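Here is a quick walk through one model, helix by helix and contact by contact. Have the structure open while you read.

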Amino acid sequence: MTQPNPAALAHAEKTAASTVDMGAKRWVLAAAAALYLVAMVLPFVGDASGWQVLAAASAAEEAQTAITEYVFAWISLIGVGILTTLAVVTQRFAITVPAWMVTTVSLVFSVLGIWLRNSSGLDISRGPGYYLAILCVVAVVFTTFPLILSRNESQATVALERAESQGKDEVAMAQRAATKQQDNPLLIDDRRSRAAQRHKRAR
């Protein structure tokens with residue numbers, strides 16, 4: 001039976017690690033990305049929609065949109081609207097991790113935006129789009145976090161095969177080393193034969 005090549009197994013493990021097995025969570029992320037687009041057309045701050053906040057339109061200025069609310073709109077768009085959508089489509093680890101990181105940062109700015117507007121004493125409140133966007137951000141953050149920490153099934157299988165292959169290689173190397181030691185003339189115990197030769201010469 002042909003033993004698996006350790007180098008090939010290492011490459012297969014690396015390839016498996018580059019993907020994320022989302023399973024049913026893929027649909028949660030897809031729903032969050034879709035609802036986020038809905039949030040952008042709803043009132044975000046005052047009468048200004050999310051798209052107007054992103055574009056820094058006059059409606060956003062009239063609503064006295066704070067810098068934290070602008071930042072939240074843009075970062076959440078990148079994290080949820082763009083990166084999460086790409087992560088769902090490609091299921092690549094290299095995209096899922098930035099999606100989680102950027103979305104987590106946007107969650108921080110969403111809280112700062114709420115605090116800043118509440119502490120400023122403005123009569124203009126946040127619209128439903130703002131809270132729906134926060135809901136989408138929270139869903140993405142807590143859905144992607146377990147995904148980037150866990151191994152997918154194929155990665156775990158290849159890692160197990162690689163560990164077994166390395167174990168067999170170590171046993172084989174130990175056996176070869178023991179055989180070489182037995183064949184080494186310097187390690188052969190010939191004390192009895194030399195004693196017998198001395199006994200014959202003494203006669």
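Let's start with α6: this helix has 28 residues and runs 41 Å from its first C-alpha to its last, close to the 40 Å expected at 1.5 Å a residue. That expected span is 1.5 Å times one less than the number of residues. Helices here are DSSP runs (H or I, at least four residues), strands likewise (E, at least two), numbered from the N terminus.

Before going on, some ground rules. This is a predicted model, where local features need pLDDT of at least 70 and side-chain atom pairs count only at pLDDT 80 or more, while totals for chains, interfaces and linings use all residues. Residues are numbered from 1 along each chain as its sequence is written, and side-chain values use heavy atoms, with hydrogens and water left out.

Back to α6. Its buried residues are T96, V97, A99, T103, S106, L107, S110, G113 and R117; buried means under 20% relative accessible area, exposed over 50%, and partly exposed in between (1.4 Å probe, protein chains only). They pack against β1 (43–45), α5 and α7 (128–149). After α6 comes G121, with a positive phi near 75 degrees.

How many salt bridges does a search of the whole structure find? There is 1, counting a side-chain nitrogen of Lys or Arg within 4 Å of a carboxyl oxygen of Asp or Glu. E69 and R117 make a salt bridge at 2.7 Å, N to O. The pair ties together distant parts of the chain, 48 residues apart, with E69 in α5 (residues 67–90) and R117 in α6 (residues 93–120). Both E69 and R117 are buried.

UniProt, in an unreviewed entry, lists residues 27–45, 71–90, 97–116 and 128–149 as "transmembrane region"; such positions use the numbering here, feature names are shortened, and annotations may be inferred rather than shown by experiment. Two of these segments look like this:

Now to S49, in strand β2 (residues 48–49). Is S49 buried or exposed? S49 counts as buried because its relative accessibility is 14%. Leaving aside neighbours within four places in sequence, S49 is in contact (heavy atoms within 4.5 Å) with M40, V41, L42, P43 and F44.

W51 sits in helix α3 (residues 50–54) and is partly exposed, at 38% relative accessible area.
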